Amino acid sequence: MKRVFLSAIIWLAGVLPAMANDLPDLGDPSVALLSADQEHRLGRAWLRQLRGTVPLLTDPLVQEYAEHLVYRLASHSDLEEPDLAIVVVNAREINAFAVPGGVIGLNAGLFLNAGTEDEVAAVVAHEIAHVSQHHFLRRYADAQRMNRAVLAAMLASLAVAIAGEADAGMAGLAATQAAAIQQQLAYSRHHEREADRVGMQTLQEAGMDPTAMPRFFEKMLREQSSLSNAPEFMLTHPVTESRISDSRARALQAPPHRLTASRYFHLIRARLLAGFYREPGDAVNYFVHQDHGGATVIQHANAYGLAIAYTRNKQFRQALAVIERLQQAAPDEQWYRLARAETLLAMEDYERAIRELRAILEVMPGNYTASIILARTQLAAGAPGEAADLLTPLLEKRPWDASLWQLAADAWGKSERLAQAHHARAEVLFLHGSNDKAYDQMRYAMKLSKQNFARHSRLKARLREMEALAEEDF
């Protein structure tokens, strides 16, 4: 059975001491065993492995929403100058995780199972607290000895477990560690309580509902109760009545919070739900029964989900009719204009889609989602050069965005900019942990850019950087 995994890195922190080997006695745990830069690179190295192991969502609107929510909370946390990497895993299980160096991961199932944005925010704030309080490094510093080969095997198993493949993940873990688990649980629970406390403070300071934390804990406890055969050490967030009571007591001490429904949370939830139905017709049937008209936030979200489902099911006329109804109710809502552009793109009405997207970008210059959809439309319309020009400035801001590099690779390839296309493919492969293939693509790019000294030099330097990052031993 698939299991719930929350804050997977804390599980790692609990079992690493059992594998301890040859680390110096640092005394004060606050003295970092890794520098901030090393911690950042460790997190990004693990993220490259994760991308090559689990399916990540590439929906730009979902990605943009997740980034906005995480950074909103991070700005009210103890993180100093947060440089975060945020990924959304394409899985229905409730899951979130934090990795050293500011890697935050959210399963799509977290949004599907939460009733409000504040419930998602409660989990995110908890994960940010694990990062800001350096729980991994504090546990790492406590360890006197560490076997790095064991750490690598555990990280590989963890990446499998995050995607919901718990049986495969547990098999890998059983091969790497078997003892000293129970004695580590108390420390792990201490970190959980600290993350609850710090996370709730972040939640309050961000202006969100502190009662969402115990409320969502109760949901997780009900989920956990159905996993009676799950080994306790595999549940990285052991949710107990005690934790729920503690968080509820803290929430009651907070100032009263006015409950409001987040339009964008419910729109994202509907968008994800429409996409998770294997058969688009089933999504249409679901949302037809949910869409009763009306002007509430949830009623609009159900209509939006219906429009997305109609588009996926190639019922374009019906999709445009629903979007028109939504736009009449909220003429300034850009998400409805984006939905209209996506439908026009699916209809292969590229001219009208491009007009719509350019109008959005006039209002919101550089908008990530509109730029991605416009680039996809330009590619489909046979204008890859325009798509490449649009994507170039985005890549400068988001060099870690694998889906953006993939789109750029297509645009450069189709516009005969082959050196740049091979470079982009190299970045995609490297970000997915396929190092040797990435190096090959970089060499192709260098070979094709010999007549351009500046580009050739940049590519050569980037290849050396890739090799150094891949070979780094933490």
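**Exercise 1. Work out how far helix α2 (residues 36-51) should span, and compare this with the separation of its end C-alpha atoms.**

Begin with the number of residues, which for α2 in this predicted model is 16.

**Exercise 2. Decide whether Glu119 and Glu324 are buried, partly exposed or exposed.**

First locate the two residues: Glu119 is found in helix α5 (residues 117-132), while Glu324 lies in helix α15 (residues 316-329). Next apply the cut-offs, by which buried means under 20% relative accessible area and exposed means over 50%. Glu119 has a relative accessible area of 2%, and is therefore buried, whereas Glu324, with 37%, is partly exposed. Finally, examine the surroundings of each residue. Leaving aside residues up to four places away in sequence, Glu119 touches Ala114, Ala212, Arg215, Phe216 and Lys219. For Glu324, note that its C-alpha atom is separated by 8.5 Å from that of Arg340, although the two residues are 16 residues apart along the chain.

**Exercise 3. Describe how helix α12 (residues 263-276) packs against helix α13 (residues 280-290).**

Two packed helices are described by the angle between their axes and the distance between the axes. Here the angle is about 140° and the axes are 8 Å apart. An angle has to be over 145 degrees to count as roughly antiparallel, so α12 is oblique to α13. The contact itself is made by Ala270, Leu273 and Ala274 from α12, together with Ala283, Tyr286 and Phe287 from α13. Sorted by class, the contact has 6 nonpolar residues, with no polar and no charged ones.

**Exercise 4. Find which residues of the largest nonpolar core touch the most other members, and follow the contacts of Tyr304.**

Start from the chain, in which buried residues make up 54% of the 474 residues. The largest nonpolar core has 77 residues, of which Leu73, Leu106 and Tyr304 touch the most other members. Then take Tyr304 and set aside residues up to four places away in sequence: its contacts are Leu61, Leu267, Arg271, Leu326, Trp335, Tyr336 and Ala339. A second, separate core of 21 residues includes Ala387, Ala402, Trp405 and Ala411.

Definitions and conventions:
Residues are numbered from 1 along each chain as its sequence is written. This is a predicted model: local features need pLDDT of at least 70, side-chain atom pairs count only at pLDDT 80 or more; totals for chains, interfaces and linings use all residues. Side-chain values use heavy atoms; hydrogens and water are left out. A nonpolar core is a set of buried Ala, Val, Leu, Ile, Met, Phe, Trp, Tyr and Cys residues joined through side-chain atoms within 4.5 Å. Buried means under 20% relative accessible area, exposed over 50%, partly exposed in between (1.4 Å probe, protein chains only). Contact means heavy atoms within 4.5 Å. Helices (H or I, at least four residues) and strands (E, at least two) are DSSP runs, numbered from the N terminus. The expected span of a helix is 1.5 Å times one less than its number of residues. Axes are lines fitted to C-alpha atoms, for helices over the stretch in contact, and angles run from 0 to 180 degrees between N-to-C directions. Angles under 35 degrees count as roughly parallel, over 145 as roughly antiparallel, 65 to 115 as roughly perpendicular and the rest as oblique. Ala, Val, Leu, Ile, Met, Phe, Trp, Tyr, Cys and Pro count as nonpolar, Asp, Glu, Lys and Arg as charged, and the others, Gly among them, as polar.
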